[in-house]
Amino acid sequence: MAIFGAMIARTFSSATVRSLRVCVVGSGPAGFYTAEKMLKAHEEAEIDIIDRLPTPFGLVRSGVAPDHPETKIVINQFSRVAHNERCSFFGNVSLGSSISLSELRQIYHVVVLAYGAESDRVFGIPGEELSGVHSAREFVWWYNGHPDFSQLAPDLKNTDTAIVLGQGNVALDVARILLRSPAELATTDIASHALAALRESSIRKVYLVGRRGPAQAACTAKELREILAIKNLYVNIKQDHLQITSANEEEMKNSRIRRRVFDLLSKASLSSQTHLSSGQPELHFTFFRKPDKFIESNDKSGHVAGVNFEKTTLKGSAGSGNQIAAGTGEYDDLKCGLVLKSIGYKSIPVDGLPFDHSKGVVPNISGRVLSSSGVDQPEDGLYVCGWLKRGPTGIIATNLYDAEETVASISDDIKKKDPTSGFASAKPGREGLLQLLENRKIHVVAFSDWEKIDSEEKRLGSLIGKPREKLTSWKELLELTKR
Ligand code: NAP
């Protein structure tokens, strides 16, 4: 607390000196919105955004589907933030390996962790390690050209059926990419390796499987409407899954989103054709099934050939929206050659960071990181924002409100400090960071370096009618920044 107090003293002592040294870890929406709000709220603040990737924008670049270009427009706003003279971006700097959290906290007055969720929830059931079973995140990173997963090479050729587990918007994204015509994707910024694989894909049938019913499906109406509108799509939803119980009515009364999703599914089930033509893409919504094990192929050892499901029924209170899936002891199988598990992303802790492993978040109150001492004591100068703070939910704009809350906490903490307490203790901030990284021979990617990548990707894209052709390997990305 004394050091933080000293910083405040310095901040208040001279409004002209940029004394509030702030580091934001992660350059996705949560990181950039935090930086933007901090710049506005604190004139003396100097903000450094670090990211482990050489490219900024996190989920906007690696998570948003290529056929959702309108969602990526926010990049313009984030670029304006990066160009602010009090803000810098340093890519290829990894918290944990390039620099530790305790080092960052020594160098900066305020550290805001906004590095998102780079892992996945798992089922923990037999066969999860079989080849052909991927997390949706891996698949998304693959088609979005994330350099860690450009080599994923999911096998789309030797099967006509994929099972997507989970019914949230990510599940809808991956199902849509599998079912949409590659010709339509060819004009997006989809990674070229993914487009080539989708052009050769044999997958025509996708099962979207949920452990609960259509009144609990986690997706939203706009995204559901979009997948249902795929050209020539055959949609299959069992009528008996659409029966409404009084508990479901109660749940839908409390949620307009759920009501709209349910209504769309009901309408789709009624209008679905009875006859399939050959090669027609098929989307099957399967409800009330939870995976019990992944089935290994007899012909291809180590590869998935299907999923064994336990049928479920809903239990629990409807009023609180908490009807849960309970196993019935009855089982059935679905055959497939590809499984995408889409049951949620998960954050990963770093050394020295209090972490709630069951929830996969950093314990916090309004963005103030709580110490792991057991008492609700905030860690001095340490804050959190985005998926690391609240879990992997919400759209990009949710991070705007989240950043507002975290920055309000930072501002309150600064105001509460007695400006006369302690003494003027400057923090090295940017200079300290860059010195340390130079000593460690870490090649830092500045925002101007990213702009070289950006220009090259746009140039390559323009040659083939795409908005950009992403560079998808670490080597290519880093080499370009060294030119
Ligand atoms: P999500 O919306 O939380 O959906 C997770 C799905 O996984 C749910 O169907 C959930 O079922 C299921 N699930 C979780 N644990 C399970 C288990 N153990 N067994 C079986 N099923 C399980 O997560 P998401 O799809 O990853 O999306 C993350 C966030 O990003 C969401 O807020 C989403 O709206 C947002 N997003 C938005 C867009 C867009 O706006 N276009 C696109 C992508 C993502 P239960 O409901 O039964 O738990």
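In this structure, which is a predicted model, an oxygen atom of the ligand lies 2.9 Å from an N or O atom in the side chain of N169, a polar contact in the sense of a pair of N or O atoms within 3.5 Å. Local features need pLDDT of at least 70 and side-chain atom pairs count only at pLDDT 80 or more, while totals for chains, interfaces and linings use all residues. Residues are numbered from 1 along each chain as its sequence is written, and side-chain values use heavy atoms, with hydrogens and water left out.

**Contacts and cover of the ligand**
- A polar backbone atom of Q167 is 3.0 Å from an oxygen atom of the ligand, and a polar side-chain atom of E223 lies 3.0 Å from a nitrogen atom of the ligand.
- The protein buries 78% of the 920 Å² that the ligand exposes when taken alone (accessible areas by the Shrake-Rupley method with a 1.4 Å probe).

**The shell around the ligand**
- The ligand is surrounded by 19 residues, of which Q167, N169, R211, R212 and G394 are the closest (a residue is near if one of its heavy atoms lies within 4 Å).
- Helix α7, residues 169–179, gives the most to this shell, with three residues (helices are DSSP runs of H or I with at least four residues).
- By class, the shell has seven nonpolar, eight polar and four charged residues, where Asp, Glu, Lys and Arg count as charged, Ala, Val, Leu, Ile, Met, Phe, Trp, Tyr, Cys and Pro as nonpolar, and the others, Gly among them, as polar.

Notes:
Polar contact = N/O pair within 3.5 Å; in protein donor to acceptor, adjacent residues only side chain to side chain. Helix = DSSP H or I, 4+ residues; strand = E, 2+ residues; numbered from the N terminus.
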